[in-house]
Amino acid sequence: MFADTFALTARSLKKWIRNPAAIMPGLFMAVFWLALFGSSFNPVNLVPTQIGGTALSPVLVEQIKSAMTSVFGGAANYITFITAGVISFIVIINMAYGGIDIVLDRQLGYLNSLLSAPISRASIFFSGVMQNFVKAMFIALLTFIVAILLPNGLQFGAGFGVLNLLGILVAFGLLTFGFGCLFTALAFSVKNVDSLVAIVNFLAFPLIFMSSAIFPLGTFPSWLKGIAEVNPITKASETTRLLIVNGNLTAAQFSTLTGNMLYLAITAVLLAIIGYLIARKALKAE
Amino acid sequence: MVRRQRPLKGIENMKTNIIEAANLTKTYKKTVKAVDHISFSVEEGELFGFIGPNGAGKTTTIKMLTTLASATEGKASVAGYDVAKNPGAVREKIGVVPQELTADDELKGVENLLLSAKLHHVPNDKARGKAKELLELLELEGAAQRQVKTFSGGMRRRLQLAMGLIHDPKILFLDEPTLGLDIQTRQNMWTYIRDLNRKKGITVFMTTHYLEEADSLCDRIAIIDNGVIKLSGSPSELKAKRGGTILTLQLTDGADISDVLGEIQDVTEVEKEAETYKIKLTKTENALPAIVENITKKGLKISDITLAKPTLDQVFLQITGDNMRDGAANGDSFGQRILIERLK
């Protein structure tokens, strides 16, 4: 099964590599979100220095600014905050729309030629997940690099190191894989691209907006906050911010990190099981 | 009412049946009977053709035999395995060449072949040898290192055939193998298919809606229409049984001699329209001299005479009352458009 999954994944990735333009939409999206959306807003700029002609005490201003920053997870600027959110957005959207290739494979009869070959249905499904997983993670990495390279861009906390980066990769790996399984299963279940796009738009955007990807949980109304708190995208975003803003974690921060990772791992496994069950039904003899 | 069909005549005491279908039925959406209680068998080493108009149930039958669709009723075995109970074993033994061109545009010819080999668990070194052999056989060596998007329609069809053969299947399923090809390229394909069957001993189950293709290639054919097998046998059998030679005569005098002609042995039917007689014959060598003799005896003169050999078209028209419509069956319009694009 692993050999088949690998062979099929390699096929898709080969096609991807031979068509380098394919990463451009993802890259553009990352640059626009970070450079335009991320730069246009900075929470500390909202803090007034005077009200009604009366200057506020600089100490007070600094205190408000620091309170504001802590709402944003201690991020030095909005780009630092939103990088995690943009990466979440990028991986979710890439996994979701990556399903279009799968729908095309069905429409062009390629899927049938896989189904009549002596390979397990699971390898057909998981190769569908893995091909998009690799692409999504690659674009996620590019996004991260773009955030660092931007002027007044992503700012790391003191002591940020390889382990932090590894932690970020694991968090997004789990998020990408879990939702990837769900979206891939949906792609195997629909018969045309229009249906897939409809379902994806219906799912992906609420998923992103009902999380702390773009704005901090502290600003949410309580009903939305309740939903956002259990959203894996929130967990991945918060974990990433924790690792970016704080180089060396305190014991409390470390336990938050472990909790989040565990949560992401469990949801990834659950989504993989659900996805596989949906796909198995969709890949059954018609 | 359940309609049952007799198994094909003469099958019982022959070689092993490598494909067997009994009352095979496929109903879509509970009401549409795509295939309706068909029974047939294919012997090992045979080149068997399913012919019928679009939507007759050819592709659905192939889908059931290749484990892509499950039968609503009845059963089928392929290479000794029940397709419903043991689909995995069936998949090991068969090669499938679909109507669609499924080779990846961005991959090279040989890469497509090797991927196909991997998916059929052919060891790497063996796959390379086999790929080389097939590329040579199908005259694609020159194109092996080129991306498939540069291939012509005929080359794509050949590559597709090679992809179905890379794992040395016992049975090859060909769904409209020459669909969309020009007559020259089509005849080349016929040579390849015939050679595979005769020289390599591969059993071939094919569908086509080109009658001359079935006539030229198949040992035995079954005519399917509206999901039902209407007639089966070797092309020559069917032509002799249902077609018959047609003699068209024009006589100088107006006297009607239809009755006289109709009584001659081996004449099965006489039709007269104005001065022209259309006479259906079974054995030309017996009937023709007798007809001429009778006409001469009556003192009549023949002003024009033509003899038409029986064709499958004739048989087919008689059975289905329908001309073959061109184009591919099934599939959605998007897939069709891509197919046409790729065949260019």
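Modeller: Helices (runs of H or I, at least four residues) and strands (runs of E, at least two) are DSSP runs, numbered from the N terminus. Residues are numbered from 1 along each chain as its sequence is written, while chains are lettered from A and ligands numbered from 1 in the order in which they are written. This is a predicted model, in which local features need pLDDT of at least 70 and side-chain atom pairs count only at pLDDT 80 or more, whereas totals for chains, interfaces and linings use all residues.

Colleague: In which strand is B:Asn23 found?

Modeller: B:Asn23 is not a glycine, yet its phi is positive, near 55°. B:Asn23 counts as partly exposed because 17 C-beta neighbours lie inside 10 Å; buried means 20 or more other C-beta atoms within 10 Å, exposed 12 or fewer, and partly exposed in between, with C-beta atoms placed from the backbone. The residue belongs to chain B, in strand β1 (residues 17-28).

Colleague: What phi does B:Ala79 have?

Modeller: B:Ala79 sits in the loop between β4 (73-78) and β5 (81-82) of chain B. With 18 other C-beta atoms within 10 Å, B:Ala79 is partly exposed. Most residues other than glycine have a negative phi. B:Ala79, although not a glycine, has a positive phi of about 55°.

Colleague: Which elements of chain B do the buried residues of α10(B) pack against?

Modeller: Helix α10 of chain B covers residues 284-297, and its 14 residues reach 20 Å from first C-alpha to last, close to the 20 Å expected at 1.5 Å a residue (1.5 Å times one less than the number of residues). Its buried residues include B:Ala287, B:Ile291 and B:Ile295. The buried residues of α10(B) pack against β11 (245-251), α9 (258-263), β12 (267-273), β13 (276-281) and β14 (302-308) of chain B.

Colleague: Why do B:Ala287, B:Ile291 and B:Ile295 of α10(B) lie on the same side of the helix, and what arc do they cover?

Modeller: An α-helix has 3.6 residues a turn, so residues three or four places apart point the same way. On the other side of α10(B), the exposed residues are B:Glu285, B:Pro289, B:Glu293, B:Thr296 and B:Lys297. B:Ala287, B:Ile291 and B:Ile295 are buried. They lie on the same side of α10(B) because their arc around the axis, taken from the directions from the helix axis to the C-beta atoms, is only 60°.

Colleague: Which residues outside its sequence neighbourhood is B:Lys239 in contact with?

Modeller: B:Lys239 has its place in helix α8 (residues 235-243) of chain B. B:Lys239 is buried because 20 other C-beta atoms lie within 10 Å. Two residues are in contact if their C-beta atoms, placed from the backbone, lie within 7 Å. Leaving aside neighbours within four places in sequence, the contacts of B:Lys239 are B:Pro310, B:Leu312 and B:Val315.

Colleague: How far apart do the C-alpha centres of the two domains of chain A lie?

Modeller: An automatic or database domain assignment provides the bounds. Chain A is divided into domain 1 (2-42 + 77-282) and domain 2 (44-75). Their contact takes 8 residues from domain 1 of chain A and 7 residues from domain 2 of chain A. The C-alpha centres of these domains are separated by 35 Å.

Colleague: Which elements of chain A each supply at least two residues of the side that touches chain B?

Modeller: Here 21 residues of chain A are in contact with 24 residues of chain B. The elements of chain A that each give at least two residues to this side are α1 (2-17) and α5 (110-115).
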